[in-house]
Amino acid sequence: MRVLLSGYNGTMGQVLKNYIQDNTALEIVAGVGRELLEEKFPTYTSYEGLEKIADVIIDFSHHAGTASLVEYAKRTVTKVVIATTGHTTEELELIDELATQVGVVYAGNYSLGVNVLVELVKKASELLLGYDIEVIEKHHNKKVDAPSGTAKMLVDAVKDVEDYNRVYGRHGDMKRQEKEIGIHAVRGGTIVGEHEVIFAGEDEVIEIKHTALSKKMFAKGSVTAAQWLNTVGEPRLYSMKDVLGIK
Ligand SMILES: NC(=O)C1=CN([C@@H]2O[C@H](COP(=O)(O)OP(=O)(O)OC[C@H]3O[C@@H](n4cnc5c(N)ncnc54)[C@H](OP(=O)(O)O)[C@@H]3O)[C@@H](O)[C@H]2O)C=CC1
Ligand SMILES: O=C(O)C1=N[C@H](C(=O)O)C[C@H](O)C1
């Protein structure tokens with residue numbers, strides 16, 4: 001399978017490159033990044049004039065590059081695994097539109113553990129009716145977007161989430177209201193990624209937490225998604241749930 005790395009010069013792009021080269025037989029046919037590095041494969045600073053060269057693009061970049069990524073994927077009919085987070089509503093619409101023409105996997109987190117955590121949150125929210133829900137995410141000080149894509153996935157997993165008001169951090173007179181989900185982003189040092197969901201009821205608290213100990217499993221999960229997507233015919237917007245076969 002031929003893979004194009006979008007955002008190849010970034011932190012995750014380099015982790016992904018090393019993961020693919022050390023652990024798989026996949027062929028990296030190109031890297032697209034804003035800065036060019038010395039690599040064993042051709043590198044480009046834009047998709048302009050680039051023909052179809054890959055079976056799947058794996059994207060760990062920045063959401064501001066979505067329009068050009070989508071234009072390229074559409075023009076060359078190349079499937080995409082999108083790992084980038086922080087998309088605006090307009091960018092999400094571009095991705096939705098792309099997925100009507102080519103297969104796309106979209107996930108705020110490609111680790112197995114977080115995708116299981118999403119299922120646990122779904123189940124807990126079905127059983128713990130009326131409990132106060134708070135989501136706390138912690139990341140390294142280089143992360144540009146908040147809240148994390150994973151935190152958004154966790155919130156979206158809550159039963160009847162459309163009935164809740166999302167409150168991003170609190171300060172001043174902000175007494176907790178009913179039907180509120182608090183979402184809190186902590187940034188510091190080299191924290192890889194921590195996500196905790198708290199269900200607080202009367203006289204008891206349930207806390208469900210995932211801690212990422214390295215960035216490698218994000219790369220591994222994105223490769224699993226790319227290999228799966230390469231076998232799928234129907235153009236659609238897929239999630240890691242589809243990739244992992246979670247019912
Ligand atoms: N879904 C998942 O499992 C995971 C998702 N992520 C997400 O992946 C993304 C990248 O993370 P990380 O590698 O740590 O971030 P970095 O900041 O290290 O890398 C970001 C990359 O995006 C490029 N970039 C910046 N601005 C633009 C732009 N306007 N258009 C195109 N490319 C741009 C950067 O190029 P340059 O260096 O030249 O600025 C760089 O290659 C983030 O959105 C992060 O949240 C991260 C881990 C796991
Ligand atoms: O930027 C990161 O580092 C990460 N981003 C993803 C997110 O926004 O949830 C996934 C992971 O937590 C690491």
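1. Strand β2 (residues 27-32) is mostly covered, with five of its six residues buried. Here "buried" denotes under 20% relative accessible area, "exposed" over 50%, and "partly exposed" the range in between (1.4 Å probe, protein chains only). Helices (H or I, at least four residues) and strands (E, at least two) are DSSP runs, numbered from the N terminus. The model is a predicted one, in which local features need pLDDT of at least 70 and side-chain atom pairs count only at pLDDT 80 or more, while totals for chains, interfaces and linings use all residues. Residues are numbered from 1 along each chain as its sequence is written, chains are lettered from A and ligands numbered from 1 in the order in which they are written, and side-chain values use heavy atoms, with hydrogens and water left out.

2. Strand β2 pairs with strand β1 (residues 2-6) in the parallel sense, over five bridges. Two strands are said to pair if DSSP finds at least two bridges between them. Within this pairing, Leu4 has Ala30 of β2 as its bridge partner.

3. Thr43 belongs to strand β3 (residues 43-44). Its relative accessibility is 19%, so Thr43 counts as buried. Apart from neighbours within four places in sequence, Thr43 is in contact (heavy atoms within 4.5 Å) with Tyr8, Gly31, Leu36 and Leu37.

4. An open sheet is formed by five strands in the order β8-β9-β7-β10-β11, with mixed pairing. Strands β8 and β11 (204-212) stand at the edges with a single partner strand each, so one side of each has no neighbour in the sheet. From one strand to the next, the twist averages 15°.

5. Ile136 stands opposite His184 in β9.

6. Helix α4 lies across β10 and β11 and runs at about 165° to β11. Helix α5 packs on the sheet, where it touches β7, β8, β9 and β10, and its direction makes about 30° with that of β10. For these angles, axes are lines fitted to C-alpha atoms, for helices over the stretch in contact, and values run from 0 to 180 degrees between N-to-C directions.

7. Why is helix α5 (residues 149-156) described as largely enclosed by the rest of the structure? The reason is that six of its eight residues are buried. These buried residues are Gly149, Thr150, Ala151, Met153, Leu154 and Val155. Their cover includes α4, β7 (132-139), β8 (165-168), β9 (180-187) and β10 (193-201).

8. The structure holds 17 salt bridges. A salt bridge is a side-chain nitrogen of Lys or Arg within 4 Å of a carboxyl oxygen of Asp or Glu. One of them joins Lys123 and Glu126, whose closest N and O atoms are 4.0 Å apart. Lys123 and Glu126 are three residues apart in helix α4, and therefore separated by about one helical turn. Lys123 is partly exposed at 47% relative accessibility, and Glu126 is partly exposed at 32%.

9. The side chains of Glu137 and Arg187 also meet in a salt bridge (2.6 Å, N to O). This pair links distant parts of the chain, since Glu137 is in strand β7 and Arg187 in strand β9, 50 residues apart. Glu137 is buried at 0% relative accessibility, whereas Arg187 is partly exposed at 29%.

10. A further salt bridge connects Arg176 with Asp132, the closest N and O atoms being 3.3 Å apart. Arg176 lies in the loop between β8 and β9 and Asp132 in strand β7, so the pair ties together parts that are 44 residues apart in sequence. Both residues belong to a network of salt bridges that links Asp132, Glu134, Arg170, Arg176 and Glu180.

11. Leu112, Val116, Leu120 and Leu244 make a nonpolar surface patch of about 320 Å². Patches consist of residues with over 30% relative accessible area and no salt bridge; like charges are joined within 9 Å, and nonpolar side chains (Val, Leu, Ile, Met, Phe, Trp, Tyr) within 5 Å. Accessible areas come from the Shrake-Rupley method with a 1.4 Å probe, and for residues only the protein chains shown count as cover. Helix α4 (residues 112-127) gives the most to this patch, with three residues. Leu120, which lies in helix α4, is partly exposed with a relative accessible area of 43%.
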